[in-house]
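Subject: A structure for you to explore

Hi,

Here is the structure I promised to pass on to you. Please open it next to this email and follow along as you read.

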Amino acid sequence: MALNVAADGTATFSATAAYPMPTSFMQIARINSVDVGVGSSVRKAPALVQSTFKVTKVSGYWNKTMTLYGTQFGQTKAKPLMTISYNYNGYGDPKGYGTTTVSTINGSTKTVVQKQVCTTSTVDNFNNLPSGAITQTSGSNKYVTTCADTFYPANGAGAVIDVSQMDQLYLQMNVPSGNPKVLKSNDPNTSNRLYIGTSATDMPEVATGQKVDIFTSVPCGQTGYQAWEDGGNPVPAPVSNADFFYNVTGKCAFNQRPSETVLTQ
């Protein structure tokens, strides 16, 4: 028997067994037994057990809600674990900004963990702007948008979701004014509106026709970057066209998801 743990935490357990199998007809040739050996191994990689979502920026004229759904082991019905809802402020600037509310869901209890309020105004020039201000120009009009985040509690990290008991996860965005109105990460017809990357400037668009596995798209122990295009622009398109930007960090350990068992000999 042997146990090996790789640098990424993947554990591999291997075992072999041998047995002298008695023979019948082969005894005529004075072969009384044949050694039979078998080897097997089990490979178990750390899996996502906790994910933390933090909104960075949401925009657009259309109100929308993104929900994380999970299906527990042994269950068939998915339940909501988190929502991020956005409401446009109606100011009329080219991009459009508003208020975004992030909430965790535990059964019938919804708890607000982050709120981002973006305020837009018209200015004469872009001089002496506050840090992080967003500037836009349309005709002779100049717009400045500033966004303020509030976390609950004040030192909170965002929406911390326990997914250790989940066998399946997917993200869904409802856009009542969009076409399509419902986007899902596990729907190959709409997952191409999702961007997944390693930095705010490197978020490739999901290829058309693919299902996204949330368990593998959320990185372990580091920050991942994701965005959604809500349907107002055709895809494929640059990530700059997206409307829903957030960071997600994963915590990984061993859980109940099936292991890979291999007969090696």
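A salt bridge is a side-chain nitrogen of Lys or Arg within 4 Å of a carboxyl oxygen of Asp or Glu. Keep that in mind for what follows, and please remember that this is a predicted model.

How many salt bridges does the structure hold? There are two. In one of them, the side chains of lysine 64 and aspartate 230 meet, with 2.9 Å from N to O. Lysine 64 belongs to strand 5, while aspartate 230 sits in the loop between strand 15 and strand 16 (244–253), so this pair ties together parts that are 166 residues apart in sequence. Are these two residues buried or exposed? Both lysine 64 and aspartate 230 are buried.

The other salt bridge brings together the side chains of aspartate 243 and lysine 95, at 4.0 Å from N to O. Aspartate 243 is in the loop between strand 15 and strand 16 and lysine 95 in the loop between strand 6 and strand 7, so parts that are 148 residues apart in sequence are tied together here. Aspartate 243 is buried, with a relative accessible area of 6%. Lysine 95, at 24% relative accessibility, counts as partly exposed.

Now for the chain in general. It has one helix and 17 strands. Of its 265 residues, 36% are buried. The accessible surface comes to about 14600 Å², and carbon and sulfur atoms account for 51% of that. If you take the contacts with a separation of 6 or more, 60% of them are between residues 24 or more positions apart.

Strand 5 (residues 64–72) pairs with strand 12 (residues 166–174) in the antiparallel sense, over eight bridges. One example to look up is threonine 65, whose bridge partner in strand 12 is asparagine 174. Asparagine 174 also stands opposite valine 182 in strand 13. Strand 12 and strand 13 (residues 182–184) run antiparallel and are joined by three bridges.

Strand 5 also pairs with strand 6 (residues 79–88), again antiparallel, over seven bridges. Here tyrosine 69 has proline 80 as its bridge partner in strand 6. Strands 5 and 6 form a hairpin with six residues between them, and glycine 74 in the turn has a positive phi of about 80°. Strand 6 in turn pairs with strand 7 (residues 98–106) over seven antiparallel bridges, and tyrosine 86 stands opposite threonine 100 in strand 7.

Five strands form it in the order 11-4-16-15-14, with antiparallel pairing. Which strands stand at the edges? They are strand 11 (159–162) and strand 14; each has a single partner strand, so one side of each is left without a neighbour in the sheet. From one strand to the next, the twist averages 25°. Strand 14 pairs with strand 15 (residues 223–228) over four bridges, and leucine 194 has tryptophan 228 as its bridge partner in strand 15.

Finally, take a look at glycine 197, which is found in strand 14 (residues 194–197). At 15% relative accessibility, glycine 197 counts as buried, because the cut-off is under 20%. Leaving aside neighbours within four places in sequence, the contacts of glycine 197 include Asp202, Gly224 and Tyr225.

Enjoy exploring!

Terms used:
Residues are numbered from 1 along each chain as its sequence is written. This is a predicted model: local features need pLDDT of at least 70, side-chain atom pairs count only at pLDDT 80 or more; totals for chains, interfaces and linings use all residues. Side-chain values use heavy atoms; hydrogens and water are left out. Two strands pair if DSSP finds at least two bridges between them. Helices (H or I, at least four residues) and strands (E, at least two) are DSSP runs, numbered from the N terminus. Buried means under 20% relative accessible area, exposed over 50%, partly exposed in between (1.4 Å probe, protein chains only). Contact means heavy atoms within 4.5 Å. Accessible areas come from the Shrake-Rupley method with a 1.4 Å probe; for residues, only the protein chains shown count as cover. Axes are lines fitted to C-alpha atoms, for helices over the stretch in contact, and angles run from 0 to 180 degrees between N-to-C directions.
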